[in-house]
Amino acid sequence: MARRDTAAYIAVRSLLAAEHQPHAIAAFVFGTHTDDAADSGPTAEHRRAALSGWSQRTLTALQTQQADSPLLRALLHTLSSREVAPQAVVDVLVGMGRHQHTAGFRNEAAYQQFISDVTLPGTLLTWAPIDAEALQRGPGAWRSLADAIQRLDFLDDLPQDLADGRPMLIHEDLAAYGIDYACLGDASDTDALRAFVQYTCSRISTSLHDARGIIPSTHPSNRRFLKAILISLMARGRSVGRKGAAITCSSSGLGVSSLMRGLLAARS
């Protein structure tokens, strides 16, 4: 986790109670490893086989309560000791398999289905070992958090997604700004793309505002952690907005720096 997402690792180690840290890390790393299995490989067939193999190993571990993978052993321990239903893991695997080869979204409804199937289950699995009861309160706010994270990731990951031929954006939104989905990197779309990025960042800002509703629903010991995450996401969203059309060429570059500001603000 420290290598994959240094900012998130710092937040976990700095603001979560010690007894929650290994479980948060186990859930997070399982999610990122599953994502890597779905996306890594030279061809769609390689990626399909990688995700299928990892899913089968995970399901076997859930059934037998044994695993040869240190990650799966850690996950099993977290599920057992924190009383998290294995179905939460199954939901992540099923959603990832269903959308493994998604390459953008026809409309908002298709994007929201992706949130329901992939992003929200992953968000809930990460949080369930920390404070499962909080997930039962304010479900709309948790969905808003998942929505904000996903829209921001899709914008910030656009350079790599364009290189892979899979820009994960909503076709109807692009069309509303006169942007050809197949020509996102075209310099002639600069003004339109800048307006589209600003529109998407406004959606992210609204979702992050709504996501603040999760803070009072959680245990007091976890609120500084959530506050820091939200503040850092807001800073990252502003950075993406400032890049405008240049977001097709390079990501925001924010991560640890935005989180550090969030940590300082959360401690105040």
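Colleague: How much space lies in the largest cavity?
Modeller: About 110 Å³. This is a predicted model, where local features need pLDDT of at least 70, side-chain atom pairs count only at pLDDT 80 or more, and totals for chains, interfaces and linings use all residues. Residues are numbered from 1 along each chain as its sequence is written, and side-chain values use heavy atoms, leaving out hydrogens and water.

Colleague: What counts as a cavity?
Modeller: A set of points on a 1 Å grid over the protein atoms alone, where a 1.4 Å probe fits but cannot get out. Points join across faces, edges and corners, and the volume is the space filled by probe spheres set on them.

Colleague: How many cavities of 30 Å³ or more does the count come to?
Modeller: The count is 1.

Colleague: Which residues line the largest cavity?
Modeller: Tyr111, Arg151, Phe154, Leu155, Met168, Leu169, Ile170, Asp173, Phe196, Tyr199, Thr200 and Arg203. Each has an atom within 4 Å of a point.

Colleague: And which helices supply at least two residues of that lining?
Modeller: Helix H7 (139–156) and helix H10 (190–211) each do. H10 gives the most, with 4 residues. Helices here are DSSP runs (H or I, at least four residues), numbered from the N terminus.

Colleague: New topic: H4. How far apart are its end C-alpha atoms?
Modeller: They are 16 Å apart. H4 has 12 residues, 70–81, and should span 16 Å at 1.5 Å a residue, so the two agree. The expected span is 1.5 Å times one less than the number of residues.

Colleague: Which residues of H4 are buried?
Modeller: Leu71, Leu72, Leu75, Leu76, Thr78 and Leu79. They cover an arc of only 165° around the axis, which puts them on the same side of H4. The arc is taken over directions from the helix axis to the C-beta atoms. Buried means under 20% relative accessible area, and exposed means over 50% (1.4 Å probe, protein chains only).

Colleague: What is exposed on the other side of H4?
Modeller: Pro70 and Ser80.

Colleague: What do the buried residues of H4 pack against?
Modeller: Helix H2 (21–39), helix H3 (44–64), helix H5 (87–98) and H6. Just after H4, Glu83 takes a positive phi of about 55°.

Colleague: Where does Asp117 lie?
Modeller: In helix H6, residues 108–131.

Colleague: Is Asp117 buried or exposed?
Modeller: Buried, with a relative accessible area of 11%. Leaving aside neighbours within four places in sequence, Asp117 is in contact (heavy atoms within 4.5 Å) with Asp91, Gly95, Arg98 and His99.

Notes:
On a 1 Å grid over the protein atoms alone, a cavity is a set of points where a 1.4 Å probe fits but cannot get out, and a pocket is an open set with protein on both sides within 12 Å along at least five of seven lines; lining residues have an atom within 4 Å of a point.
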